Amino acid sequence: MVPFVDLKKQYQDLRAEIDGAIQAVIRDTAFISGKYAQQFEEEFAQFIGIENCISCANGTDSLEIILKVLGIGPGDEVIVPANTWISTSECVSTVGAKPVFVDNDPVTYTINPALIEAKITASTRAIIPVHLYGCPADMDPILDIARRHELYVIEDCAQSHGATYKGRVTGTMGIAGSFSFYPGKNLGAYGDAGAIVTHDEGIARTCRMMANHGRLGKHDHALEGRNSRMDGIQAAILSAKLPYLAGWTDLRIRNAQHYQSLLFGTGFTLPVVPEGYRHVFHLYVVQVDQREACQQYLKEKGIETGIHYPIALPLLQAYAHNGYKSSQFPAAYAGMSRILSLPMYAELTHSQIESVVQELKSFS
Ligand SMILES: *Cc1c(COP(=O)(O)O)cnc(C)c1O
């Protein structure tokens, strides 16, 4: 039996620390934001290597708050990848702007920079590259396009904690970066949690207010914000786990290398890590023929897999009113019937990887 993710194993390994962190929050009744959230913000900012980190309730909120603070709203367009989790486009619609989809690079699965400029109009305000599966988006051309067209770059780092692009940490290259600590992410809480990171003091200040009812002081509301604060318990758990993140990431990368060496030359399309990228393998995505049958076969052998994502965003029911056609997003469309995410986490053992590979080979 090889589960797709195994959050129990990690808890067993860290039980005393996690339980102690939860007890401390209860003892101090620091339930909402407060000192544990502040401590995690400082530690995470240091981990990323950036001046400001603002904790919030989840990753989707962190994207929405950034867009709002940048003044993006009705009449504006924001460029997003066709192949990602729906939060990346949903946040654009939530603030009243229009998501404009761009197809992905067929090899790295991240937004294809060569296709961005054709989608820029007088209404375009921002680009949200996603460092998908843990692989940094190709940021240099994206940043260059943004500079020439005066657009903001907001990095969606929900899957890329600690990933680097040509020596730069994901989340530090754009105007702001968005993180999710959903339990299954590379750094996961025990519930929903998210954060915004930015170099910009002014944006940091307004994001912090926006996430807490527009507050400056207790009853001093400078603007109308919202309730998007991190729970103290989530913050304390994240602080307990953060010191282990670098080691877990090394293990993910080692596990990816193990898959790679066993699958090399077998005909499966494997992940490609471009020169100068540090891919942190939130997901290990291969392409297979007869994907449905393959996934079913693995399931019968006790191997859980996932599909990220089975339907490219523009082709979802939610965007049907736009009348997009699959031919407009050929790479995303070609990928969606072939991609398969294999089990991937720090605690995955070599023998589990070997059994996944053995069953994959016996299917083909
Ligand atoms: C998980 C995820 C999010 C949103 O995070 P939540 O914390 O679940 O709201 C945003 N973008 C991507 C690419 C994600 O994978």
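Predicted model: local features only at pLDDT ≥ 70, side-chain atom pairs only at ≥ 80, totals over all residues.
I started with an open sheet of three strands, and I read its order as E7-E6-E12, with antiparallel pairing. Strand E7 (168–169) and strand E12 (277–278) are at the edges with a single partner strand each, so one side of each has no neighbour in the sheet. Next I looked up how E6 (residues 164–165) meets E12: the two run antiparallel and are joined by two bridges.

**Entry: the parallel strands**

Then I moved on to E4 (residues 124–127). Strand E2 (residues 77–81) runs parallel to E4, and three bridges join them. Here Ile-79 has Ile-127 in E4 as its bridge partner. I also checked E5 (residues 152–156), which pairs with E4 in the parallel sense over two bridges. In this pairing, Ala-126 faces Tyr-152 of E5.

**Entry: Thr-108**

My last stop was Thr-108, which I located in the loop between strand E3 (98–102) and E4. Is Thr-108 buried or exposed? Its relative accessible area is 12%, and buried means under 20%, so I put Thr-108 down as buried. I found its side chain joined to that of Thr-110 by a polar contact of 3.0 Å. Setting aside neighbours within four places in sequence, I listed Cys-135 and Pro-274 as the contacts of Thr-108.

Conventions
Residues numbered from 1 in each chain as written. Heavy atoms only, no water. Pairing = 2+ DSSP bridges. Helix = DSSP H or I, 4+ residues; strand = E, 2+ residues; numbered from the N terminus. Buried < 20%, exposed > 50% of the residue type's maximum accessible area, 1.4 Å probe, protein only. Polar contact = N/O pair within 3.5 Å; in protein donor to acceptor, adjacent residues only side chain to side chain. Contact = heavy atoms within 4.5 Å.
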